[in-house]
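Here is a short report on one protein chain. Look at the fold first, then read on.

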Amino acid sequence: MPVSSPTPPTALPPLRLVLVDDHEMVLHGLDSMLGHFPDQVTIVGHATNATAAFALVTEQRPDIVLCDVRIGKESGLDLCRQITTQYPDTKVVLLTVYDDEHYLYQALRVGASGYILKRIDGRELVGHLNRVREGETAVDHALAGRVALSAARLSAGEFWSGAHLGLTQRESEVLELLVSGHSNRAVASKLVVSEDTVKTHIRGLYRKLGVSDRSGAIAVALREGLFR
């Protein structure tokens, strides 16, 4: 079945896009996905590391750079800050697997114009990119609802345990279950998520708490009196 092209808001020239990801397979997949919309998107370059990406932006001056939060051992957030500082006319959209409000907040702080999860399809992605060109900020709808709820709670003074340490509400929930002695499988069952998702949250809270294992995370939680 042919892919229907989203109707552009105005008769503008195709967006000039640079793709940045450390996985060649992802770059090829994006090429194939966006190739269905030649009237709206032109890919002017690919890069697999931050240095090559910045050089490409300097050379091509694209409308939008689409990159991951992590580029191998490098930070896509640092790249975003560098691009938006040096070339403010070039917008940066983060395309990532990290379903985490913390990364979203960081991305917005360094000047990103969008934060989208990689499970998106081509038509949705092109729609987001067109809105970014119009000056909007594109946030994946899977995250937008949680962010709105978090903002409402924060404005009402309802902070969750560990918020002051940078933990998201979900990471706090995971940590509380770890402190209670739950296994990863039990945490996944309690929160109705996959074990892989639980592992992702655990890695995130380890990083934010500055620990390397479960016992270290539990020790911090007990020391801080997070769960009573």
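What share of the contacts in the chain with a separation of 6 or more comes from residues 24 or more positions apart? The share is 65%, where contact means heavy atoms within 4.5 Å.

This is a predicted model, in which local features need pLDDT of at least 70 and side-chain atom pairs count only at pLDDT 80 or more, while totals for chains, interfaces and linings use all residues. Residues are numbered from 1 along each chain as its sequence is written, and side-chain values use heavy atoms, with hydrogens and water left out.

**Overall make-up**

The chain has 10 helices and eight strands. Both are DSSP runs numbered from the N terminus: helices are H or I with at least four residues, strands are E with at least two. Of the 228 residues, 43% are buried. Buried means under 20% relative accessible area, exposed means over 50%, and partly exposed lies in between (1.4 Å probe, protein chains only).

**The sheet**

Six strands make an open sheet with parallel pairing, in the order β2-β1-β3-β6-β7-β8. The edges are β2 (41-47) and β8 (138-139). Each has a single partner strand, so one side of each is left without a neighbour in the sheet. Two strands pair if DSSP finds at least two bridges between them. Strands of a sheet pair through backbone hydrogen bonds, either parallel or antiparallel.

Two of the pairings are set out here.

Strand β1 is mostly covered, with five of its six residues buried.

**Helices on the sheet**

Helix α1 lies across β1 (15-20), β2, β3 (64-67) and β6. It runs at about 175 degrees to β2. Helix α3 also packs on the sheet and touches β1, β3 and β6. The direction of α3 makes about 170 degrees with that of β6. Axes here are lines fitted to C-alpha atoms, for helices over the stretch in contact, and angles run from 0 to 180 degrees between N-to-C directions.

**Helix against helix**

How do α1 and α5 meet? The axes of α1 (residues 24-34) and α5 (residues 122-133) come within 9 Å and cross at roughly 85 degrees. The two helices are therefore roughly perpendicular to each other. Angles of 65 to 115 degrees count as such; under 35 is roughly parallel, over 145 roughly antiparallel, and the rest oblique.

Leu30, Met33 and Leu34 in α1 meet Gly122, Leu125 and Val126 in α5. The residues of this contact divide into five nonpolar, one polar and no charged. Nonpolar covers Ala, Val, Leu, Ile, Met, Phe, Trp, Tyr, Cys and Pro; charged covers Asp, Glu, Lys and Arg; the others, Gly among them, are polar.

**An aromatic pair**

The structure holds one aromatic pair. Phenylalanine 54 and tyrosine 87 form it, at 5.7 Å centre to centre with 35 degrees between the planes, which is tilted. Rings of Phe, Tyr and Trp (its six-membered ring) pair if their centres lie within 6.5 Å; planes under 30 degrees apart are stacked, over 60 edge-to-face, and the rest tilted. Phenylalanine 54 lies in α2 (residues 50-60) and tyrosine 87 in the loop between α3 (76-86) and β6 (91-96), so the pair ties together parts 33 residues apart in sequence. Phenylalanine 54 is buried at 17% relative accessibility. Tyrosine 87 is buried at 14%.
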